[in-house]
Amino acid sequence: VKREGLGGAVGLCHLFLRLAVHPGDTVIDATCGNGHDTLFLAGLVGCAGKVWAFDVQSAALDATRLRLAEAGCPERVNLVNISHEKMGEIVPCRVRAVVFNLGFLPGSEDESRTCSKSTISALEQAAGLLLPGGVIVAAVYTGHEGGAEEASAVDGWASGLAPGRYNTWRAKQLNRSEQAPYVVIVEKSLKKL
Ligand SMILES: C[S@@+](CC[C@H](N)C(=O)[O-])C[C@H]1O[C@@H](n2cnc3c(N)ncnc32)[C@H](O)[C@@H]1O
């Protein structure tokens, strides 16, 4: 999997995913969109691994399906056309990582975007599905309508996780505008308490 730079929130998310995810792992893309993160995860888990990719827009799943077919690895991914709020019912095993790229699908006429209530429910389920040492990485946007409220809900949720059971971080690029996306990282502790 080609290494990219840290020019934005997605690059930082991918750096943490590289650290946590190994061939053969099961992982989740909670917002597959155009499939960039899904394909990245498919590369990390390899042919023995599995990616569960969720999106509420069928156009997003179509774009992801095409991207995976072009890359020659569609069999590594289960595409699910349903809200990520259902991931706890659908994914049958513990996972090494869950990625959220919040907001809306760039270039789409559909207005579907993530929102606080379903995002927090999905984050809660993602935390429950994590293996010890597993990570949630979320690219969080504040610039669009509803973005600031969602960002504040995500920060509040991550701040409230029990220290010792989870390590939570927020990473913001200092030399970008206030509106630039930032990254929230949640690691499930390796230690059993
Ligand atoms: C910023 S885009 C994701 C970009 C994507 N990760 C990529 O690599 O192209 C956000 C996506 O979240 C999806 N979305 C919005 N609400 C959702 C929900 N409740 N469950 C799953 N996906 C949702 C949107 O349809 C949109 O495709």
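Is Arg 65 buried, partly exposed or exposed, and what is its relative accessible area? Arg 65 is partly exposed, with a relative accessible area of 43%, where buried means under 20%, exposed over 50% and partly exposed in between, with a 1.4 Å probe and protein chains only.

Before going on, note that this is a predicted model, in which local features need pLDDT of at least 70 and side-chain atom pairs count only at pLDDT 80 or more, while totals for chains, interfaces and linings use all residues. Residues are numbered from 1 along each chain as its sequence is written, and side-chain values use heavy atoms, with hydrogens and water left out.

Select Asp 62 next: its salt bridge with Arg 65 has its closest N and O atoms 2.9 Å apart, a salt bridge being a side-chain nitrogen of Lys or Arg within 4 Å of a carboxyl oxygen of Asp or Glu. Both residues lie in helix H3 (residues 58-71), three residues apart, about one turn of the helix; helices (H or I, at least four residues) and strands (E, at least two) are DSSP runs, numbered from the N terminus.

Now move to Arg 170 and Asp 155, a salt bridge with the closest N and O atoms 2.6 Å apart. Arg 170 lies in strand E6 (residues 166-171) and Asp 155 in helix H6 (residues 147-159), so this pair ties together parts that are 15 residues apart in sequence. Arg 170 counts as exposed at 55%, whereas Asp 155 is buried at 18%.

Finally, select strand E1 (residues 26-29), where Thr 26 and Ile 28 on one side and Val 27 and Asp 29 on the other are all buried.
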